[in-house]
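Work through the exercises below with the sequence and the model in view. Each task is followed by a solution in steps.

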Amino acid sequence: MEWIETMKFIVVIFASLFSFVPFAFSQTIEIKKRQQAMQVVKEQIGTMAPMAFGKAEYDDFLAITALEDLLAAVQSYKELFELPPTKDDKTDASPEIWLNKSDFEKKSDKFVSDILMAIESEPDDSAEFREYFGKITSNCKSCHQAYRIK
């Protein structure tokens, strides 16, 4: 009988350990996906900035392509912030995101909306593009000031 109790105890311990693994694994995947999306944002902002500031010739095809890539990266932002990080996770995401989730989601929605507006307007020149670029990047700034650990 004692052997059966020992086996039950071992099964409970293993079940407890393995029930935590999917949570930790999904959290790590979520953080990696977030970081990949942020890298795309960085790259596309880097592509668009010279055109917006007159440092490179404005190319409407390149601008719209960069905006579409940017949109693809950020449309799922809200889903990429479902699980708060643990103290051991390497992330710049502030715990404030999960404490003020509605504001974070509002900022995310505005970011997406401003990108869509720029795509739909199909800016003809650098001056027009610069206005949209300014709106888009102001979203980055407002979110990073509130929800990024530096």
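**Ground rules and overall make-up**

Buried residues make up 32% of the 150 residues in the protein chain, where buried means under 20% relative accessible area, exposed over 50% and partly exposed in between (1.4 Å probe, protein chains only). This is a predicted model, in which local features need pLDDT of at least 70 and side-chain atom pairs count only at pLDDT 80 or more, while totals for chains, interfaces and linings use all residues. Residues are numbered from 1 along each chain as its sequence is written, and side-chain values use heavy atoms, with hydrogens and water left out.

**Exercise 1.** State how many helices and strands the protein chain has.

Solution. Take helices (H or I, at least four residues) and strands (E, at least two) as DSSP runs, numbered from the N terminus. The protein chain then has five helices and zero strands. Its pattern along the sequence reads α-α-α-α-α.

**Exercise 2.** Find how many disulfides the structure holds, and explain the result for Cys140.

Solution. Step one: a disulfide is a pair of cysteine sulfur atoms within 2.5 Å. Step two: searching the whole structure gives zero disulfides. Step three: the closest cysteine sulfur to that of Cys140 belongs to Cys143 and is 8.4 Å away, so it is too far for a bond. Step four: Cys140 counts as buried because its relative accessibility is 16%, and Cys143 counts as buried at 17%.

**Exercise 3.** Check the span of helix 4 (residues 101-121) and decide where its buried residues lie.

Solution. Step one: the expected span of a helix is 1.5 Å times one less than its number of residues. For the 21 residues of helix 4 this should be 30 Å, and the end C-alpha atoms are 30 Å apart, which agrees. Step two: list the buried residues of helix 4, among them Phe104, Phe111, Ile115 and Ile119. Step three: seen down the axis of helix 4, the buried residues fall within an arc of 160°, so they line one face; the arc is that of the directions from the helix axis to the C-beta atoms. Step four: the face turned away from the buried side carries the exposed residues Ser102, Lys106 and Glu120.
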